[in-house]
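Visitor: Could you take me through this model and tell me what lies behind the words used for it?

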Amino acid sequence: MSKDNKKNKNKLHAVLAVEATNKAQSEKILNEQTANFTKNDTRFDGLTRVLIPMEGEGERMTTDNKIINYTVIENVAYASDIVCKYLNTTLTKEETNSSGAARAELMIEGKSYGDVSATSLLALENYLAKVRRFYEAIPTLDPTKDWKDDEGKSRGYKKTDPEHKYKTEKRTKHIVVHPPTEHFPAEIRESSTDAQVGKYETVYTSTKISTRDKAELLKRIDTVLEAVKTTRSKANEAEAVQSELATKLFEFINKDIINP
């Protein structure tokens, strides 16, 4: 990268040039992923079902196999990267434009995140509310099942122990009620019974997160939001710098035509 390009990269006009694009990308990904989480959450669930026949009844046969191609944590991480790109851009603009008077130190659970301007804090507060709605849409694991990490998969994959359900079939046999005689044929009656012919072994899989993890994510967002609001309140305690610039500008605009 040339020296001129490096200089331009740190100029405000370079930040402003990409802010609208970054915001559009952020809005798009939040809307898309929220829709995926709320309307297409079954894409994060899978299963493998195998029919195990009774001894001498045949061979094992896979009857269902739904594969998962997406994980919730990958989707959230991807969206977070794009949202951070936009927020860093707009916060850079706000920090550059701020006078430096209305500022306060942002503290979250004892850790300082530096002095931040009131305008940056307001922008952050407004957008974090939208981000929280995205996190609220994150789908969670079925709480009625006992989930474990799937050791054979990458991070974020869960599975259950095999669940079994017997497969039965109606089988008919003929019972001789009265044997045949010289004058009458045999009286035969049909009898139906449910016979176990095998069992289904089902392993459920999912890439959703637990309700506990989702609750923790929302709690952290609320902690950040509360800290941002408190810090913005402190920043706004700065002495106001009274401006009459607008009055003077409109006096120039309206002079002799609107104003006498």
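Guide: What follows takes a few residues, a helix pair and some strands in turn.

Guide: This is a predicted model, in which local features need pLDDT of at least 70 and side-chain atom pairs count only at pLDDT 80 or more, while totals for chains, interfaces and linings use all residues. Residues are numbered from 1 along each chain as its sequence is written, and side-chain values use heavy atoms, with hydrogens and water left out.

Visitor: Why is Thr231 called buried?

Guide: Thr231 has a relative accessible area of 4%, and buried means under 20%, exposed over 50% and partly exposed in between, with a 1.4 Å probe and protein chains only; Thr231 is therefore buried. Its place is in helix H5 (residues 211-235), where helices (H or I, at least four residues) and strands (E, at least two) are DSSP runs numbered from the N terminus.

Visitor: Which residues does Thr231 touch?

Guide: Leaving aside residues up to four places away in sequence, Thr231 touches Ala104, Glu105, Leu106, Met107 and Leu121, contact meaning heavy atoms within 4.5 Å.

Visitor: What makes Glu109 exposed?

Guide: The relative accessible area of Glu109 is 73%, so this residue counts as exposed. Glu109 is found in the loop between strand S3 (103-108) and strand S4 (111-117), and its phi is near 50 degrees, a positive value in a residue other than glycine. Most residues other than glycine have a negative phi.

Visitor: Why is H2 called roughly antiparallel to H3?

Guide: Helix H2 (residues 12-39) and helix H3 (residues 72-97) pack at an angle of about 150 degrees, with their axes 8 Å apart; the axes are lines fitted to C-alpha atoms over the stretch in contact, and angles run from 0 to 180 degrees between N-to-C directions. Angles under 35 degrees count as roughly parallel, over 145 as roughly antiparallel, 65 to 115 as roughly perpendicular and the rest as oblique, and H2 is therefore roughly antiparallel to H3.

Visitor: How do you know that strand S1 pairs with strand S8?

Guide: Two strands pair if DSSP finds at least two bridges between them, and strand S1 (residues 45-53) and strand S8 (residues 187-206) have nine, in the antiparallel sense. The bridge partner of Thr48 in S8 is Val203.

Visitor: Over how many bridges does S8 pair with strand S6, and over how many with strand S7?

Guide: Strand S6 (residues 158-159) pairs with S8 over two bridges in the antiparallel sense, Lys159 having Thr205 as its partner in S8. Strand S7 (residues 163-178) pairs with S8 in the antiparallel sense over 15 bridges, and His178 stands opposite Glu187 in S8.
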